[in-house]
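Me: I have a structure to go through with you. Can we take it a bit at a time?

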Amino acid sequence: MPSLVTSLAERFPCRSQEPLASWTTLRIGGPAECFFEPAKPEHLVDLLNALAAENIPWRLLGGGANVLAPDGGVNGAVIHTGQMRRSFREENKLRLWPGVTLPSLVRGAAELGLSGVESLIGVPGQIGGALAMNAGGADWGLWDEVEEVTLWWPDGRLEAWTPEQVRPGYRDGNLRGAVVVEVLLSLKPEKEAVIRQRMESLLKKKNASQPVTLSSAGCAFKNPPQDSAGRLLDAAGMKGQREGAALVSERHANFIVNAGGARAAQVRTLMQRMHQAVADRFGIDLQAELVIWPEPEPA
Ligand code: EPU
């Protein structure tokens, strides 16, 4: 693999050996060889095309709210979307760059009297990552509000796609290797007070049932059909179980919390134990929601 620093850094400034623990909500992850922060969607596209042309491996990081970054870091490029934060109103629609944070989207939409994204209250991600995983609640996902998304494809195509073309599923944006460059959300006009009331009641519920003040990455497993992974993990006795500094929250059994200095390896082991406990007790094969980046190959 060509050295990233020599081959690209002149055209695309990057931070070398950037600790990923600073950019993930679990506060876990070793250094990224080259950490890029494009400021505009055009820069993101140029960078992706250059990385593809040079055959350099890359990973995309949004708010780091659903990622387990490896202890050994990442060889190659990590592209952080967080500098691309602009949003534009078009009547009842919002055109957003991928780094718009979910808290600012939720707050901004309420201020404009636009309803549809309230369920994302309290979720710390960014719009690009939230589309990649179809973030949301148990029976609603962000894609429900999408009119059109601009996607970059690894062969260099830049295309507008509708949700009907993308066909996202539960907690799965189904992006098939594409990258979200921009999105248009179609929202409904609603009185700001009504939206705020809904937000407050949802936030109250989440504060009571989730460890919102601790370092976590939300739910570790997807819900199986017609059930809740949290309920199953709780019934299998997983609350309070730990592996080093990684522990299963006492408040919600599908949340893994970093109690201070946890390692990715500990989280992976704890997840295996959680998976096994539910398989043994209920015969259910839980699927991970947390996106686990692999440890780098030894040199
Ligand atoms: N429950 C337990 N014990 C627990 C956790 C939950 O018995 O430790 C029970 C609850 O009492 C309730 C049921 O399980 O009867 C469902 O729990 P909850 O309402 O907390 O919802 P969930 O299905 O666990 C889903 C999403 C969350 C989202 C909430 C609220 C998934 C995997 N989880 O949780 O999303 O915040 O609904 O909308 O879809 C995430 O994906 O990261 C996430 C946090």
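Me: What volume does the second largest pocket have?
Reply: About 220 Å³. A pocket is an open set of points on a 1 Å grid over the protein atoms alone, where a 1.4 Å probe fits, with protein on both sides within 12 Å along at least five of seven lines. This is a predicted model: local features need pLDDT of at least 70 and side-chain atom pairs pLDDT 80 or more, while totals for chains, interfaces and linings use all residues. Residues are numbered from 1 along each chain, and side-chain values use heavy atoms, without hydrogens and water.

Me: Which residues line that second largest pocket?
Reply: Among them are Pro 57, Trp 58, Arg 59, Val 74 and Glu 297; a lining residue has an atom within 4 Å of a point.

Me: Which strand gives the most to the lining?
Reply: Strand 5, with 3 residues. A strand here is a DSSP run (E, at least two residues), numbered from the N terminus.

Me: New topic, the ligand. How many residues surround the ligand?
Reply: 20, and the closest are Tyr 170, Arg 171, Cys 219, Asn 223 and Glu 289.

Me: Which side chain has a polar atom 2.8 Å from a ligand nitrogen?
Reply: That of Asp 234. His 252 has a polar side-chain atom 2.9 Å from a ligand oxygen.

Me: And how much of the ligand does the protein cover?
Reply: 69% of the 830 Å² of accessible area that the ligand has on its own, by the Shrake-Rupley method with a 1.4 Å probe.

Technical notes: Grid points are joined across faces, edges and corners, and a volume is the space filled by probe spheres set on the points. Helices (H or I, at least four residues) and strands (E, at least two) are DSSP runs, numbered from the N terminus. A residue is near a molecule or strand if one of its heavy atoms lies within 4 Å of it. A polar contact is a pair of N or O atoms within 3.5 Å; within protein, one must be able to donate a hydrogen and the other to accept it, and residues adjacent in sequence count only if both atoms are side-chain atoms.
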